[in-house]
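Hi there,

Here is the structure I promised to pass on to you. Have a look at it first, and my notes follow below.

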Amino acid sequence: MLENISPFVVIICGLPATGKSTLGKALSKQLSIRHLDLEENILYPIFGLPDPNPYRSAEIRADAKRMFGQCYDILMHATEAHLILGRSVIITAPFSNKLVQQHIVSIQTKFPSYIVHCKTDREDIEKEEIEQRLKNRTFGKDYFGVCNNIEHYMDDKPRFVQLTVPHLE
């Protein structure tokens, strides 16, 4: 399907439980290209299950922040390796702050990139929609991240930095 097209990356980002991984898996299947998810393919296999409640102490939160920094570095190295080898790739991760968003800018300067920002449809139903999505996850089985309840999501939301690079919503 994509045999004569230069390698490209599709970067799918956004808050937890907004459909990033679901969209990434579906696109991967449709386009027959590799999908790399920050939590499922990097965090869990390399570092193991994270603490399900990283906010319970400053020390655990700082450790989680360092671990996720390493996860982003690994994800971006793997992404670049795929592209250098001539293989397109889809990646999914929150890309929630300016520091990790610099990874996007770095990739964009070297390779064709498509960025999709996933978010909930309407602010007035967001809390209920996200709460339902979080309830449908099983930590350690089909979900390997750290946002496991609506309180965590609502606490994270104000810290998410809006993308400043061109993207689709």
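**Helix packing**

The axes of helix α2 (residues 38–47) and helix α3 (residues 58–84) come within 10 Å of each other, crossing at roughly 115 degrees. Axes here are lines fitted to C-alpha atoms, for helices over the stretch in contact, and angles run from 0 to 180 degrees between N-to-C directions. Helices (H or I, at least four residues) and strands (E, at least two) are DSSP runs, numbered from the N terminus.

Please keep in mind that this is a predicted model: local features need pLDDT of at least 70, side-chain atom pairs count only at pLDDT 80 or more, and totals for chains, interfaces and linings use all residues. Residues are numbered from 1 along each chain as its sequence is written, and side-chain values use heavy atoms, with hydrogens and water left out.

The crossing of α2 past α3 is right-handed (the near helix is turned clockwise from the far one by less than a right angle). On the α2 side the contact (heavy atoms within 4.5 Å) involves Leu38, Glu39, Ile42, Leu43, Ile46 and Phe47, which meet Met67, Phe68, Gln70, Cys71, Tyr72, Ile74 and Leu75 of α3. By class, that contact has 11 nonpolar residues, one polar and one charged. For the classes, Ala, Val, Leu, Ile, Met, Phe, Trp, Tyr, Cys and Pro count as nonpolar, Asp, Glu, Lys and Arg as charged, and the others, Gly among them, as polar.

**The sheet**

Four strands make an open sheet with parallel pairing, in the order β2-β3-β1-β4; two strands pair if DSSP finds at least two bridges between them. The edges are held by β2 (34–37) and β4 (113–118), each with a single partner strand, so one side of each has no neighbour in the sheet. On average, neighbouring strands are turned by 15 degrees against each other, direction ignored. Four bridges join β2 and β3 (residues 89–92) in the parallel sense, and Thr92 in β3 is the bridge partner of Asp37. Helix α2 packs on the sheet, touching β2 and β3, and its direction makes about 60 degrees with that of β2. Helix α4 also packs there, touching β1 (9–14) and β4, at about 155 degrees to the direction of β4.

**Pockets**

The largest pocket has a volume of about 770 Å³. On a 1 Å grid over the protein atoms alone, a pocket is an open set of points where a 1.4 Å probe fits, with protein on both sides within 12 Å along at least five of seven lines; lining residues have an atom within 4 Å of a point. Grid points are joined across faces, edges and corners, and a volume is the space filled by probe spheres set on the points. Of its 25 lining residues, Ala64, Lys65, Phe68, Ser96 and Asn97 are the closest to the centre. The largest share of this lining, seven residues, comes from α3.

Best wishes
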